[in-house]
Structure formats: C-alpha cells, structure tokens
Amino acid sequence: MSRGVVLITGASSGLGAEMARRFAARGYDLALTARRTARLEQLAGEIAAIHPGTRVEVRTLDVTDFDAVPVVFAEIAAAFGRLDRVIVNAGLGKGAPLGTGRADANRETALTNFVGALAQMEAALEIFRAAGGGHLVVISSISGLRGMRKTLTTYAATKAGLAHLAEGVRSERIPGVKVTTVYPGYIRSEMNEHVTQKTPFMVDTETGVRAIVAAVEKEKAQAYVPAWPWIPLGYALRGLPLSVVRRLT
Ligand SMILES: NC(=O)c1ccc[n+]([C@@H]2O[C@H](COP(=O)([O-])OP(=O)(O)OC[C@H]3O[C@@H](n4cnc5c(N)ncnc54)[C@H](OP(=O)(O)O)[C@@H]3O)[C@@H](O)[C@H]2O)c1
C-alpha cells in the first residue's frame, strides 16, 4: 500500500531525480514535474521497472509559468485524490556579479528560485489548507546562509529568501502542516557538473540525497546535509565576520 503521494518539482535531473528514486523505494507514489518531459518519462519508466506497484505521474511544468503552477499542482492532487508532500526543488545556478552586463542571468535565477518557489508554495499550501495538512519541503542551500560574492550573489539571496518564506509559514503553525527547510552543501548534480576542479566536501548524488531524504522523512524543521561537515560549517557561517566568509566561497 502507498505511504502517500510526493510531488517533486525539478525532478528531471540531479537531486530531484534521485529523491524520486529514493521515495519510490520507501513506498511513496510520485508526481514528477520539470520542463524536460522526456527525462521525466525515462525516470518514470526506470522506477516502474524496479517498483511495479508504484504509481508515477509525470507533468511538464516550467515553474516560471506562474499561472500554470497552481493548475498543475491541483491536477496532480485531483488525479491521486490526495497530496501528502510537496518538494520545492526546481532551481537554477546561473549568475554573474551584479552590474557586469548579465542582468538576464541573475533575473532568471531570481524568477526560478524565488518567485517560482513562491508560486509552488502558494499552490501547495492552498491544497494543504483545504485538506487539513501536508508536508512542505523547500530545498534552500548552505550558500543561502550568508551574502555571497560574484556569481553566487543572486543565487544565495534567492535561497535565503526561500528559507525565510518557509520559516514564515512554519511560524504560522497551519494545522496539520509541517515545513522542512533543507540546506544542502555541495552535492554532485547537473548544476555543478562543469566544476572540474576537486571541490572540498563535494559528495556524489546518492550520498547527498540519502541525507536529504532521511531529514525529510523525519520532518525536521531544518536540516544541513550531509550532516558532516555542513552542520558545524553552517553554524559557523552564520556567525563568522564577512571578511572570513568571503574567503570561503
Ligand atoms: N547540487 C548542489 O550542490 C546543491 C546545493 C544546494 C542546493 N541545491 C538545490 O537543489 C535543487 C536541485 O538542483 P540540482 O543540484 O539537482 O541541479 P540540477 O541537476 O541542475 O537540477 C535542477 C532541476 O531544476 C529544474 N528546473 C530548472 N529550472 C526550472 C524551471 N524554470 N521550471 C521547472 N524546473 C526547472 C530542472 O529541470 P528542467 O531543466 O527539466 O526544467 C532540473 O530538474 C536546486 O534548487 C538547487 O539550488 C543544490
């Protein structure tokens, strides 16, 4: 029997795709969304072959199509007759130092990671409020803990904004609604596959996502993942002077 329905946005690659595999293995049915539908269908086929009892629905969704987000989420909830967990995962890592002629890249990151996430949270919470509960999960980032330099400036700000949205909702204490903010460290995915030099503390996708899924299943309010080194580094980052933070990134 299904343990519930998990909707994952940005499920066509990286953390989203691996979360889909792991939640299927834990007995959940899945709704997978992204822009690259063929990738989602391939993943759904892969999951069906391993877990024939799992129901997987695939929907094309660009999270910057803000009006489409609630429509697709409502279609998914209606198709399954329930929606237990929404993972706001779709995200972009494009960016350039502000004022260097790449306003387009920074704007695209802001629209996807923050305004798109806001649309997903609105849509999820409309469903959860009506249903009397649900689990909202947002994928922020360790880099959202502080202001970051250059190519990371906009990205880090969007992830800080996302974490604050989640904390605000958590603080509202909506009956039956749990809110988890995940702060991943460095996890190998398409977002960082161009980074060829050895990044300290970078873990493979499976290791990173195993830690994310464990934290989500515990319905933690917030989780720095993987725990080592990101719990101590996360706490340190929050308090370090900017002159030190700027040397770490
Ligand atoms: N990997 C890390 O080290 C790390 C660390 C901290 C936080 N994160 C966060 O984890 C999340 C997943 O990233 P990832 O590392 O797995 O990177 P990834 O492999 O590049 O995956 C990003 C996913 O987001 C989707 N996406 C991007 N723009 C979208 C849009 N406009 N509409 C719908 N979907 C969109 C992509 O799907 P389509 O292109 O098919 O639409 C893809 O499935 C992101 O929010 C990222 O910021 C990652």
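Predicted model: local features only at pLDDT ≥ 70, side-chain atom pairs only at ≥ 80, totals over all residues.

Biologist: Which backbone atoms lie by an oxygen atom of the ligand, and at what distance?

Modeller: A polar backbone atom of Gly10 is 2.9 Å from a ligand oxygen. For Asn89, a polar backbone atom is 2.8 Å from an oxygen atom of the ligand. Both values are within 3.5 Å, so both pairs qualify.

Biologist: Which of the 29 residues around the ligand come nearest?

Modeller: Ser12, Arg35, Tyr155, Ile187 and Ser189.

Biologist: Now the helices. Why are α4 and α5 called roughly parallel?

Modeller: Helix α4 covers residues 103-131 and helix α5 residues 153-172; their axes cross at roughly 15°. Angles under 35 degrees count as roughly parallel, so α4 and α5 get that label. Their axes come within 8 Å, and the crossing is right-handed.

Biologist: Which residues meet there, and how do they divide by class?

Modeller: Among them, Phe114, Leu118 and Met121 in α4 and Leu162, Leu165 and Val169 in α5 belong to the contact. The contact of α4 with α5 divides into 11 nonpolar, six polar and three charged residues.

Biologist: Why is α1 called oblique to α6?

Modeller: Helix α1 (residues 14-25) and helix α6 (residues 205-217) pack at about 60°, with axes 9 Å apart. Roughly parallel needs an angle under 35 degrees and roughly perpendicular needs 65 to 115, so α1 is oblique to α6. The crossing of α1 and α6 is right-handed. By class, this contact has seven nonpolar, two polar and five charged residues.

Biologist: Which residues are joined by cis peptide bonds, and what is omega?

Modeller: Val225 and Pro226 are joined by one, with omega about -20°. Trp228 and Pro229 are joined by another, with omega about 5°. Pro226 sits in the loop between β7 and α7, whereas Pro229 is in helix α7.

Terms used. Residues numbered from 1 in each chain as written. Heavy atoms only, no water. Axes fitted to C-alpha atoms, helices over the stretch in contact; angles between N-to-C directions. Helix = DSSP H or I, 4+ residues; strand = E, 2+ residues; numbered from the N terminus. Parallel < 35°, antiparallel > 145°, perpendicular 65-115°, else oblique. Left-handed = near helix turned anticlockwise from the far one by under 90°. Nonpolar A, V, L, I, M, F, W, Y, C, P; charged D, E, K, R; others polar. Near = heavy atom within 4 Å. Polar contact = N/O pair within 3.5 Å; in protein donor to acceptor, adjacent residues only side chain to side chain. Contact = heavy atoms within 4.5 Å.
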